[in-house]
Amino acid sequence: MSNFAVDLPIGENMSSKNIMALEFSTLQQFLSHVSYNDGDIAIVDSLQILPTVDAIRMGIHAALLCEKGQLQLDVNGQTAVVAEDEILFCPASGIIDNISVSHNFQCKILCLTDNIMKSFILGNAKLLHLAVYVKKINIVPLEQSAKQRFLNFYNIARQEMRDVTLPYHKEMMQSLVQAFMFFFCGIVQQFLSVENNAPANYGETLFLRFLDLLAKDPVKRHPIDYYANKLCITTKYLTIICNRMSQKTASCWIRDYTLDEIRYYLRNTDQTVKEIASRLGFSSVQSFGKYVRHYMGVSPNDYRKRIG
């Protein structure tokens, strides 16, 4: 590791590690150069981790552009080296440790909550799942034109974030970041089509078919055996495949896709709570409200008021 002269204070034997959760509420306890944080979107100008921790469990999504130098780290036990003009994508729930950077390392980081990320790319989530969980791609190289567009998005966001008193300021920032996420999905899709044409193995194929079923079924909230039967496998095998591919259970995927749909309809439509509950397969408004309160912490109507 002779190219890496600075070891950030992370990295020991995994069995003895104190794994700290990186959430938006604790972001500024970990990183010293957070220039913007509205609770859903954060912009970080430099990777300088403040506390001495053994490892970080990502509770947020992060896209890091390496402008100069190199970054080395382990993501879920796999070593990744990020060079100049490459983007590292770290998904929520990933575990990061053993971070080292070169003396001249410079970067820009965009952080997103899971909720805002999924609301931005609801129809393109499968693309990132394919890249991160199946193809195991966390790093995407950028051509100079693509790098410049990344920096253009970043600089516009940096300019606009200064005037937080402007009406609809948060909505404007979200629109800018959503545009960037579509740009990023396009880069990932191009990279996958050029660099990763190898056929998926049986487990990868089943996992993608499961995600495809989840994406296309208007009612996501089915028991696991509903999806296992459609895939002609046992529920136990489906659970094993999901854990192997993504470190998440099939139940977690079903829950997450269901919550994505709930947030989408509450945020983006004027349908009544009763209409949404019926559309998403809940037996009653009461059961729908109980589900939303359990996983989202508020009632459907309160969620709408909060984002309104």
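Rings of Phe, Tyr and Trp, the last by its six-membered ring, pair if their centres lie within 6.5 Å; planes under 30 degrees apart count as stacked, over 60 as edge-to-face, and the rest as tilted. By that rule, this structure holds 13 aromatic pairs.

Before I go on, the ground rules. This is a predicted model, with residues numbered from 1 along each chain as its sequence is written. Local features need pLDDT of at least 70, side-chain atom pairs count only at pLDDT 80 or more, totals for chains, interfaces and linings use all residues, and side-chain values use heavy atoms, with hydrogens and water left out.

Now the overview. The protein has 12 helices and 12 strands. Those are DSSP runs, numbered from the N terminus: H or I of at least four residues for helices, E of at least two for strands. Of the 308 residues, 49% are buried. Buried means under 20% relative accessible area, exposed means over 50%, and partly exposed is in between, with a 1.4 Å probe and protein chains only. Next, contacts, meaning heavy atoms within 4.5 Å. Take those between residues at least 6 apart in sequence: 70% join residues at least 24 apart.

Back to the rings. Phe150 and Phe180 form an edge-to-face pair, 5.0 Å centre to centre, with 85° between the planes. Phe150 lies in helix H4 and Phe180 in helix H5, so the pair ties together parts that are 30 residues apart in sequence. Both Phe150 and Phe180 are buried. Why is the pair of Phe282 and Phe288 edge-to-face? Their ring centres are 5.0 Å apart and their planes stand at 70°, so the pair falls in that class. Phe282 counts as buried because its relative accessibility is 6%. For Phe288 the value is 0%, so Phe288 counts as buried too.

There is also a cluster. Ring pairs link Phe89, Phe150, Phe153, Phe180, Phe183 and Phe184.

The charged end of Lys248 sits over the ring of Trp253, 3.8 Å from its centre. The criterion is NZ of Lys or CZ of Arg within 6 Å of the ring centre and within 35 degrees of the ring normal.

On to empty space. Rolling a probe the size of a water molecule over the atoms shows where it is left. On a 1 Å grid over the protein atoms alone, a cavity is a set of points where a 1.4 Å probe fits but cannot get out; lining residues have an atom within 4 Å of a point. Grid points are joined across faces, edges and corners, and a volume is the space filled by probe spheres set on the points. The structure holds 4 cavities of 30 Å³ or more.

Which residues line the second largest cavity? They are Ile43, Leu110, Phe150, Phe153, Tyr154, Ala157, Leu176, Val177 and Phe180. Helix H4 (144-160) and H5 each supply at least two lining residues. The largest share, 4 residues, comes from H4. By class, the lining has 9 nonpolar, no polar and no charged residues. Here Ala, Val, Leu, Ile, Met, Phe, Trp, Tyr, Cys and Pro count as nonpolar, Asp, Glu, Lys and Arg as charged, and the others, Gly among them, as polar.

H5 spans residues 169-195, and His169 lies in it. His169 is buried, at 6% relative accessible area. Not counting residues up to four places away in sequence, His169 touches Tyr36, Glu160, Met161, Asp163 and Val164.

Next, the strands. Val101 lies in strand S10, residues 95-101. Val101 is buried, at 7%. Phe105 is in the loop between S10 and strand S11 (106-112). Phe105 is buried, at 13%. Leaving out residues up to four places away in sequence, Phe105 touches Leu47, Leu64, Cys66, Lys68, Gly69, Gln70 and Leu71.

Last, backbone angles. Most residues other than glycine have a negative phi. Asp85 has a positive phi of about 70°. Asp85 lies in the loop between strand S8 (78-82) and strand S9 (86-90). Asp85 is buried, at 16%. Cys232 also has a positive phi, near 60°. Buried or exposed, at 71% relative accessibility? Cys232 counts as exposed. Cys232 is in the loop between helix H7 (224-231) and helix H8 (235-246).

Terms used. 1 Å grid on protein atoms, 1.4 Å probe; cavity = no way out; pocket = protein on both sides within 12 Å on 5 of 7 lines; lining within 4 Å.
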